[in-house]
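Subject: Structure handover

Hello,

Here is the structure I promised you. Please open it next to this email and follow along.

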Amino acid sequence: MSTAPESESRDPKPTLVFDDPLDQQSSDDTDRGWGERAEGDSAADLKRFLDEKPPHHL
């Protein structure tokens with residue numbers, strides 16, 4: 001019984017990648033998540049506004 005070679009062939013070993021990471025687009029480079037909000041009701045908007053209002057805006 002040789003179970004070691006089978007388990008080694010199933011689990012790929014990690015490899016080193018020497019690509020330039022700046023060539024790939026990051027999630028920060030997209031417009032997603034920059035102010036878009038799903039349509040909601042105005043009561044939820046008012047609650048969020050009141051919850052997040054700075055103390056000097058009382």
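Below is what turned up, going from the whole chain to single residues.

First, a caution: this is a predicted model.

The whole chain

The protein chain has two helices and zero strands. It has 58 residues, and 0% of them count as buried. The chain exposes about 6300 Å². Carbon and sulfur atoms supply 54% of that area.

The salt bridges

How many salt bridges does a search of the whole structure find? The search finds two. Side chains of opposite charge can pair when their charged atoms come close.

Take Asp51 and Lys47. They form a salt bridge, and their closest N and O atoms are 2.8 Å apart. Both residues sit in helix α2. They are four residues apart, which is about one turn of the helix. Asp51 is exposed, and Lys47 is exposed too.

Now look at Arg48 and Glu52. Their side chains meet in a salt bridge, at 3.3 Å from N to O. This pair also lies in helix α2, with a spacing of four residues, or about one turn.

Is Arg48 exposed or partly exposed? Its relative accessible area is 40%, so Arg48 is partly exposed. Exposed means over 50%. Glu52 has 52% relative accessibility, so Glu52 counts as exposed.

The nonpolar patch

Which residues form a nonpolar patch on the surface? They are Leu46, Phe49 and Leu50. Together they have about 310 Å² of accessible area. Find Phe49 in helix α2, which covers residues 42-52.

To recap, helix α2 holds the pair Asp51 and Lys47. Helix α2 also holds the pair Arg48 and Glu52.

Best wishes

How values were computed: Residues are numbered from 1 along each chain as its sequence is written. This is a predicted model: local features need pLDDT of at least 70, side-chain atom pairs count only at pLDDT 80 or more; totals for chains, interfaces and linings use all residues. Side-chain values use heavy atoms; hydrogens and water are left out. Patches are made of residues with over 30% relative accessible area and no salt bridge: like charges are joined within 9 Å, nonpolar side chains (Val, Leu, Ile, Met, Phe, Trp, Tyr) within 5 Å. Accessible areas come from the Shrake-Rupley method with a 1.4 Å probe; for residues, only the protein chains shown count as cover. A salt bridge is a side-chain nitrogen of Lys or Arg within 4 Å of a carboxyl oxygen of Asp or Glu. Buried means under 20% relative accessible area, exposed over 50%, partly exposed in between (1.4 Å probe, protein chains only).
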